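Open the model in your viewer and keep the selection panel at hand. The stops below go from one selection to the next.

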Amino acid sequence: MPDREPTVYILAIESSCDDTAAAVLQNATVLSNVVADQKIHQAFGGVVPELASRAHQQNIVPVVHQALAQAGIDKNQLHAIAFTKGPGLLGSLLVGMSFAKSLSQALKIPLIEVNHMQGHILAHFIDDKNKIKPTFPFLALTVSGGHTQLIRVDDYFNMTVLGQSKDDAVGEAFDKSAKLLGLPYPGGPLIDKYAQTGNPYRFTFTKPKMDGFDYSFSGIKTAILNFIHKEKVKNPDFIEENLADICASIQHTLIEILFDKLVLAVQQTGITKVAVGGGVSANSALRRKLEAYSKDKNWTIYIPDFEYTTDNAAMIGIVGYLKFLKNDFTDESISSTAKYPL
Ligand code: KG4
Ligand code: ZN
């Protein structure tokens, strides 16, 4: 990262799923990072795309105002506007993009499109005096409600997807399993919480067989569903009486699936630096396992602060800044895209 660059202020907007987020960065330093999450989806046990885009429309103006106010920056001081082009929910992405386009036109400043997945990875390069930034090459494991990707990162904009989920994301597997147990959305943190006192080896679920570095999580959900049905026929109170053990066993299986491919990737590439991102990186079992590998196998582990690892706009801003330095701007003909490979 260049260290003697002139001051650049970037407003970043992220609206790919159910969080409306805006951030202001001064070069690689975050001045503000505002997120309005959408509680409305809790009642439906998952994100409802139509409701998400409507909520983005309501949230975007206040969220951007708050980001500018918290940063102490007037909009006329901005040098560029970065926004998430994709991947994500099309209706949600369109709200952020339209806002970014009109503001950049009104202010006559450049527009920068950002790939959300690049954001999760480059979030590791946000200035933070308590964190060491990864050095290239490293492996990135991005795990959230929307994505599960294992990526080789050779430079800021030279990334290769080694593997990814062919169906559900790992966060989705946590959330759907939690739903089967009667837990509210998003259930990932609750599985983590109940698992603390449970026995992870009590129940076993067959892990999927996937070639190479790709993942699959939909089969696990079906295995858990069948298991719960079968046990409840024998004992209607099975879930209540065994919640901690069930949660610990599900969590153990999901983390093992993630790790099997990660270990394989480390072995095959010889790269022992692993950067983790996405909401599931908050999971305590995943963190314990990463710590163990860092001690026993000499891996170097990078985990950003929680506010930069779940969906946020600061991670879009850091990509925006790095693209600004390359004069990598986009024009008004740009459009959002639900699928946007790295
Ligand atoms: O990155 P994120 O905030 O949003 C996206 O999905 O992009 O990730 C949310 C996901 C949800 O599936 C949530 O259940 C999961 O991260 N999650 C967790 C934990 N905290 C959040 N999963 C397992 N253990 C946790 N502690
Ligand atoms: Zn994300």
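The tour covers a sheet, a metal site, the cysteines and a nonpolar core.

This is a predicted model, in which local features need pLDDT of at least 70 and side-chain atom pairs count only at pLDDT 80 or more, while totals for chains, interfaces and linings use all residues. Residues are numbered from 1 along each chain as its sequence is written, chains are lettered from A and ligands numbered from 1 in the order in which they are written, and side-chain values use heavy atoms, with hydrogens and water left out.

**Stop 1: the sheet.** Select β6 to β10; these five strands form an open, mixed sheet in the order β8-β7-β6-β9-β10. Strands are DSSP runs of E of at least two residues, and helices are runs of H or I of at least four, both numbered from the N terminus. Two strands pair if DSSP finds at least two bridges between them. At the edges stand β8 (158-164) and β10 (300-302), each with a single partner strand, so one side of each has no neighbour in the sheet. On average, neighbouring strands are turned by 25 degrees against each other, direction ignored; the axes are lines fitted to C-alpha atoms.

Leu139 has Val274 in β9 as its bridge partner.

**Stop 2: the zinc ion.** Select ligand 2. Its protein donors are His116 (NE2), His120 (NE2), His147 (NE2) and Asp311 (OD), 2.1 to 2.4 Å away. Donors are N, O and S atoms within 2.8 Å of the metal (3.2 Å for Na, K and Ca); water is not among the atoms, so sites may look incomplete. Along the chain the donors follow the spacing H-x3-H-x26-H-x163-D. His120 lies in helix α3 (residues 116-122) and Asp311 in the loop between α9 (306-309) and α10 (314-325), so this pair ties together parts 191 residues apart in sequence.

His120 is buried at 2% relative accessibility, and Asp311 is buried at 15%. Buried means under 20% relative accessible area, exposed over 50%, and partly exposed in between (1.4 Å probe, protein chains only).

**Stop 3: the cysteines.** Select Cys17, partly exposed at 24%, then Cys247, buried at 0%. The structure holds zero disulfides (pairs of cysteine sulfur atoms within 2.5 Å).

**Stop 4: the core.** Which residues touch the most other members of the largest nonpolar core? Select Leu181 and Phe259, out of its 47 residues. Such a core is a set of buried Ala, Val, Leu, Ile, Met, Phe, Trp, Tyr and Cys residues joined through side-chain atoms within 4.5 Å. End on α7 (238-269), which gives the most to this core, with 16 residues.

Definitions and conventions:
Axes are lines fitted to C-alpha atoms, for helices over the stretch in contact, and angles run from 0 to 180 degrees between N-to-C directions.
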